[in-house]
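Thank you all for coming; I would like to walk slowly through one structure this morning. Please keep the picture in view while I talk.

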Amino acid sequence: GALWLAERDGESVLRLDTSTGQASRIGVGEPVNALLFDQRGALWLSTAGHGLLHAAQPNRHEAGGFGTLERFSARDGLSSDLVAPLHQDSEGSLWIGTHDGLDRLRDRPLQPAGLPANAQNLALVADRTGALWAGSSNLPVMRLDRDGLQHLPLQTPISATARDSQGNAWLAGPQGIWRSEGASLQKVAELPVQRSLDSAVRAML
């Protein structure tokens with residue numbers, strides 16, 4: 001293993017091999033405030049006035065510096081080029097504290113969720129476990145969690161969703177109201193008045 005150090009007012013970082021005790025200095029070219037290794041093993045360095053630096057392969061370096069060093073600055077959307085604390089959360093987002101605020105960096109702002117492309121008029125709600133429930137006007141109710149997409153045996157239009165204080169998901173449509181119980185749904189009630197699909201439940205809280 002290795003221990004990485006940033007020195008005050010230094011324009012380099014130190015890498016200390018904990019098995020041999022040998023230290024190597026890697027030039028950065030500017031003072032470094034904080035260091036962070038992300039979940040992929042890449043190294044992030046915050047600087048005092050020059051934004052955020054990213055070394056995708058930090059172990060590939062020479063005394064003169066890292067082989068490839070990517071920079072993120074105010075031009076790229078940072079609230080300030082004066083960057084200090086860094087933190088990565090369990091979802092992989094990088095939180096960046098700057099002189100003017102707190103920024104969040106994600107690999108991909110938008111990611112396909114895996115729902116069928118032909119689903120029409122989606123109604124969405126997340127339960128307390130983080131699972132996403134999806135109803136539509138033309139497909140069975142779906143549940144998406146870390147294990148993938150599950151199609152429930154409920155083929156009915158869903159036009160409104162909600163989440164209660166216990167974290168249960170509620171779904172409603174022209175044929176009634178359902179509540180989540182674990183990974184399944186329980187019908188709670190019929191609608192008091194039978195109406196056409198176009199007049200189905202629009203919202204639920």
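This is a predicted model: local features need pLDDT of at least 70, side-chain atom pairs count only at pLDDT 80 or more; totals for chains, interfaces and linings use all residues.

Let me begin with a question: is H54 buried or exposed? H54 counts as buried, because its relative accessibility is 14%, and buried here means under 20% relative accessible area, exposed means over 50%, and partly exposed is in between, with a 1.4 Å probe and protein chains only. Residues are numbered from 1 along each chain as its sequence is written, and side-chain values use heavy atoms, with hydrogens and water left out.

Now, where does H54 sit? H54 is found in strand β6, residues 52-55; helices (H or I, at least four residues) and strands (E, at least two) are DSSP runs, numbered from the N terminus. If we set aside the neighbours within four places in sequence, H54 is in contact with A42, L43, W44, T68, L69, E70 and F72, where contact means heavy atoms within 4.5 Å.

Strand β6 belongs to an open sheet of four strands, in the order β4-β5-β6-β9, with antiparallel pairing; two strands pair if DSSP finds at least two bridges between them. At the edges stand β4 (32-37) and β9 (70-72), each with a single partner strand, so one side of each is left without a neighbour in the sheet. From one strand to the next, the twist averages 20°, taking axes as lines fitted to C-alpha atoms, for helices over the stretch in contact, and angles from 0 to 180 degrees between N-to-C directions. Between β6 and β9, which run antiparallel, there are three bridges, and L52 stands opposite F72 in β9.

Rings of Phe, Tyr and Trp (its six-membered ring) pair if their centres lie within 6.5 Å, and planes under 30 degrees apart count as stacked, over 60 as edge-to-face and the rest as tilted. By this rule there are three aromatic pairs. In one of them, W4 and F37 are edge-to-face, at 5.5 Å centre to centre and with 70° between the planes. W4 lies in strand β1 (residues 2-6) and F37 in strand β4, so the pair ties together parts that are 33 residues apart in sequence. W4 counts as buried because its relative accessibility is 13%, whereas F37, at 38%, counts as partly exposed. For W44 and F72, the ring centres are 5.8 Å apart and the planes are at 35°, so the pair is tilted. This pair links distant parts of the chain, since W44 is in strand β5 (residues 43-47) and F72 in strand β9, 28 residues apart; both W44 and F72 are buried.

Strand β17 (residues 160-163) runs antiparallel to β18 and is joined to it by four bridges, and T161 stands opposite L171. These two strands, β17 and β18, form a hairpin with five residues between them, and G167 in the turn has a positive phi of about 90°. On to strand β19 (residues 176-181), which pairs with β18 in the antiparallel sense over four bridges, with L171 opposite W178.

What makes up the largest nonpolar core? Its 11 residues are A123, V125, W133, V141, L152, L154, I158, A169, L171, W178 and L185; a nonpolar core is a set of buried Ala, Val, Leu, Ile, Met, Phe, Trp, Tyr and Cys residues joined through side-chain atoms within 4.5 Å. V141, which lies in the loop between β14 (132-135) and β15 (142-145), is buried because its relative accessible area is 0%. The C-alpha atoms of V141 and L154 are separated by 5.8 Å, although these residues are 13 apart along the chain.
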